[in-house]
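Here is my note on the model you sent. Please read it with the structure open.

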Amino acid sequence: MDIPQADLDLLNEKAKTELRTFISNETQRQRIQGLTHALTDSCWKKCITSNIKTNQLDKSEAVCMSDCVERFMDVNLAIMNHVQKLTRGGK
Amino acid sequence: MSSDSTSETVKQSIIKQVLIESQQANARTLMEKIGENCFASCVPKPGSSLSSREKTCVTQCTEKYMAAWNVVNSTYLRRIQQEMGNQ
């Protein structure tokens, strides 16, 4: 994305602060969306194993996708806790 | 006063441009992922042309993948909110 420096020079302090807030929120939204893409990809491969016959998820597939996300988050948490323990305890 | 409104105009145009580009990036990634996964699901053994069965599978798969994306997104958001509440 290219914004001419001349345009940026026209921003007053209030607008700059508002833009910083916007960019920081937008960055977080993008990060969440990025992980949603990665998780949908990974969980699709685990959960959608039978031939596709409709345009909808059946009940068990939807439950599997949702469980997949929850367990991924559990794994993340377990890793974080363990690494914290490792770095704190030195073993 | 007029410099304030110029500033506001520039700000709004930057916000608009960022939103457009982020939506485009999101759509591009989704299309790539649908392509990869539905190709894998619907065309396990590529033949000399796409059969009508494979074509039907691809359109169904596309919609199904979007439904899966929505399930993942809402589960993920719920979980993030829950974890933020626990802190």
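1. Basis. This is a predicted model, in which local features need pLDDT of at least 70, side-chain atom pairs count only at pLDDT 80 or more, and totals for chains, interfaces and linings use all residues. Residues are numbered from 1 along each chain as its sequence is written, chains are lettered from A and ligands numbered from 1 in the order written, and side-chain values use heavy atoms, with hydrogens and water left out.

2. Fold of chain B. Chain B has two helices and zero strands (DSSP runs: H or I of at least four residues for helices, E of at least two for strands, numbered from the N terminus). Its radius of gyration is 21 Å, well over the 12 Å that the globule rule gives for 87 residues, so chain B is more spread out than a compact globule. The radius is taken over C-alpha atoms, and the rule is 2.2 Å times the number of residues to the power 0.38. The C-alpha trace spans about 65 × 40 × 15 Å along its principal axes.

3. Burial in chain B. Of its 87 residues, 33% count as buried. Buried means under 20% relative accessible area, exposed over 50%, and partly exposed in between (1.4 Å probe, protein chains only).

4. Nonpolar patch. A:Val75, A:Ile79, A:Val83 and A:Leu86 form a nonpolar surface patch, with about 320 Å² of accessible area together (Shrake-Rupley method, 1.4 Å probe; for residues, only the protein chains shown count as cover). Patch members have over 30% relative accessible area and no salt bridge; nonpolar side chains are joined within 5 Å, like charges within 9 Å. A:Leu86 lies in helix α3 (residues 59–89) of chain A. A:Leu86 is partly exposed, at 37%.

5. Salt bridges between chains. A:Glu18 and B:Lys11 meet at 2.5 Å, N to O. A:Glu18 lies in helix α2 (residues 13–47) of chain A and B:Lys11 in helix α1 (residues 2–42) of chain B, so the pair joins two chains. B:Lys11 is buried, at 8%; A:Glu18 is partly exposed, at 28%.

6. A buried pair. A:Asp41 forms a salt bridge with B:Lys33, with the closest N and O atoms 3.7 Å apart. Both residues are buried.

7. Network. Salt bridges link A:Glu70, A:Arg71, A:Asp74, B:Arg78, B:Arg79 and B:Glu83. Between B:Arg78 and A:Glu70, the closest N and O atoms are 3.9 Å apart.

Notes
A salt bridge is a side-chain nitrogen of Lys or Arg within 4 Å of a carboxyl oxygen of Asp or Glu.
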